[in-house]
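Please read them with the structure open.

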Amino acid sequence: MSHHLFLLSPSDTPIYSLTHYSTKLPQPTSSSLSSNLPTWSTSAFAGTLTALSGASSATQSHHVQGGAVRMGGGQDRHVIQMIANASLDVIEDVMRKESAMYLKSVDKFNEWTVSAFVTPGNMKFILLHETKNDDGIRSFFHDVWELYLKTMLNPFHTAHSPIRSIVFDTRVRASAKKYL
C-alpha cells in the first residue's frame with residue numbers, strides 16, 4: 001500500500017514530493033479476473049489481467065534492489081503525478097465552498113483517493129492513497145504543515161522554492177510511518 005505526498009506552492013509549482021510504502025496490510029479488494037484462473041495461467045500475464053479487470057494493482061509485487069519484494073500501487077510515477085495534477089481543479093472548487101484547511105477526500109481516480117490540505121498561505125498538500133484513514137491523514141497533514149512552517153522560518157530558505165532539507169524529509173517520513 002503506497003501513499004504519495006505532493007506539496008505545491010500557491011502557483012501550483014511542486015516544492016516537495018514523497019512516496020511512502022506502508023507496512024500495514026491493505027484491506028481486501030473485490031475478486032479480480034486473475035483470481036478466478038489457475039495460478040499457472042496468470043503468472044506471466046498478472047499485470048495485464050489486473051489492468052484489464054480494473055482491479056486494484058496493490059496485489060502486484062515489485063522487486064527492489066537486494067532481492068526484497070515491495071508491495072506497491074503498481075503505477076508509474078508520471079501517472080501518479082498526472083492524478084495529483086488533475087485533482088487541482090477539484091481542490092480549488094472545494095476551497096471556494098469550504099473554509100476548512102483539511103478538505104478530506106476531494107477526488108477519486110480508480111483505486112486512488114486524493115485528500116488535500118490547504119494552508120492559509122494557499123500552499124496545497126496533496127496525498128494520494130488507497131485506503132480510508134481520515135484521522136491519520138488529518139494528523140499527518142498537521143505534522144507536515146508544522147514541519148513546513150519550521151522550514152519557512154529558516155532565514156536561509158527562500159519561500160516557495162523546492163525543499164531539499166534532509167531533516168525535513170526525515171521528519172516527514174517519520175510522520176508518514178506513524179500515521180499512514
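The points below start from the whole chain and then go to single elements and residues.

1. The model is predicted. The protein chain contains 6 helices and 7 strands. Read from the N terminus on, their order is β-β-α-α-β-β-α-α-β-β-β-α-α.

2. Of the 180 residues in the protein chain, 39% are buried. The accessible surface amounts to about 10500 Å², and carbon and sulfur atoms hold 55% of that surface. Among contacts with a separation of 6 or more, 54% are between residues 24 or more positions apart.

3. Strand E1. How many of the residues of E1 are buried? The count is 7 of 7, so the strand is mostly covered, with buried taken as under 20% relative accessible area. Ser2, His4, Phe6 and Leu8 point one way from the strand. His3, Leu5 and Leu7 point the other way, and the residues of both sets are buried.

4. Partners of E1. Strand E2 (residues 14-21) runs antiparallel to E1 and is joined to E1 by 7 bridges. One of the residue pairs is Leu5 with Leu18 of E2. The hairpin of these two strands has 5 residues between them, and there Asp12 has a positive phi near 65 degrees. E1 also pairs with E7, again in the antiparallel sense, over 5 bridges. In that pairing Leu7 has Phe125 of E7 as its bridge partner. Phe125 comes up again in point 6.

5. Helix H3. In H3 (residues 77-86), the buried residues are Ile80, Ile83 and Ala84. Why do they lie on the same side of H3? They cover an arc of only 95 degrees around the axis, and this puts them on one side of the helix. The buried residues of H3 pack against strand E1 (2-8), helix H4 (88-97), strand E5 (102-109), strand E6 (112-118) and strand E7 (124-129).

6. Aromatic pairs. The search of the whole structure gives 7 aromatic pairs. One of them is Phe125 with Tyr148: the ring centres are 6.0 Å apart and the planes stand at 80 degrees, so this pair is edge-to-face, the class for angles over 60. The pair links distant parts of the chain, with Phe125 in strand E7 and Tyr148 in helix H5 (residues 134-152), 23 residues apart. Both Phe125 and Tyr148 are buried. Phe140 and Phe141 form another aromatic pair, this one tilted, with 6.3 Å centre to centre and 40 degrees between the planes. Phe140 and Phe141 are both buried as well.

7. The ring cluster. Which residues do the ring pairs link into a cluster? The cluster consists of Tyr102, Phe117, Phe125, Phe140, Phe141, Trp145 and Tyr148. Both pairs of point 6 therefore have their rings in this cluster, since ring pairs are counted by centres within 6.5 Å.

8. Lys104 has phi near 55 degrees, a positive value in a residue other than glycine. Lys104 belongs to strand E5, and with a relative accessible area of 41% it is partly exposed. Asn122 has phi near 70 degrees, likewise positive in a residue other than glycine. Asn122 sits in the loop between E6 and E7. Asn122 is partly exposed too, at a relative accessible area of 27%.

9. Ser161. A polar atom of the Ser161 side chain lies 2.6 Å from the backbone oxygen of Thr158.

Key. Residues numbered from 1 in each chain as written. Heavy atoms only, no water. Buried < 20%, exposed > 50% of the residue type's maximum accessible area, 1.4 Å probe, protein only. Helix = DSSP H or I, 4+ residues; strand = E, 2+ residues; numbered from the N terminus. Arc of directions from axis to C-beta. Contact = heavy atoms within 4.5 Å. Phe/Tyr/Trp six-rings, centres within 6.5 Å; stacked < 30°, edge-to-face > 60°. Polar contact = N/O pair within 3.5 Å; in protein donor to acceptor, adjacent residues only side chain to side chain. Areas by Shrake-Rupley, 256 points an atom, 1.4 Å probe, with all protein chains shown as cover. Pairing = 2+ DSSP bridges.
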